[in-house]
Amino acid sequence: MTETVNITVYVEQKRKEDVIDCLLPLTCISGFSISPCFGYSRDNAKLDLAEQVAGGRQLWKLDILHSSDDTDAVIDALRSINTHNPMRYMVSPVISHGHI
């Protein structure tokens, strides 16, 4: 049975437009949301000096509701973006969704 899932992806600041351009043509999703967030990590080798001082870095948090059958297509599309640092993602089940 196909279920609705949410994929959350953490995107570097400079890759926001690339991600939007990558996702808009996908017919397997109806839309997505993107919001600013601040990411912390013990692995600070990928952070620039200012980010190391701050203890983390500004990221974009991307949420995409979609059919579980389309998860691989969404991930493959995002993989096509040339990033220096890999984008971290997680897929979560959605218990309920709709409009109020």
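Predicted model: local features only at pLDDT ≥ 70, side-chain atom pairs only at ≥ 80, totals over all residues.
Which side chains meet in a salt bridge at 3.2 Å, N to O, with R15 as one partner? The other partner is D18. D18 counts as partly exposed because its relative accessibility is 31%.

Next is E12 with R57, where the closest N and O atoms are 3.4 Å apart. This pair connects distant parts of the chain, since E12 sits in strand β1 and R57 in strand β3, 45 residues apart. Both residues are buried.

Those two strands also pair directly. β1, residues 4-12, runs antiparallel to β3, residues 56-67, over nine bridges. Within that pairing, N6 has L65 in β3 as its bridge partner. β3 is also joined to β2, residues 33-40, by eight bridges, again antiparallel. Here C37 stands opposite L59 in β3.

Now helix α3, residues 71-79. Its buried residues are T71, V74, I75, A77 and L78. They lie on the same side of α3 because they cover an arc of only 160° around the axis. These buried residues pack against β1, α1, β3 and β4. On the other side of α3, D72 and R79 are exposed.

R79 brings me back to salt bridges. Its side chain meets that of D76 at 3.2 Å, N to O.

Conventions
Residues numbered from 1 in each chain as written. Heavy atoms only, no water. Pairing = 2+ DSSP bridges. Helix = DSSP H or I, 4+ residues; strand = E, 2+ residues; numbered from the N terminus. Buried < 20%, exposed > 50% of the residue type's maximum accessible area, 1.4 Å probe, protein only. Arc of directions from axis to C-beta. Contact = heavy atoms within 4.5 Å. Salt bridge = Lys/Arg side-chain N within 4 Å of Asp/Glu carboxyl O.
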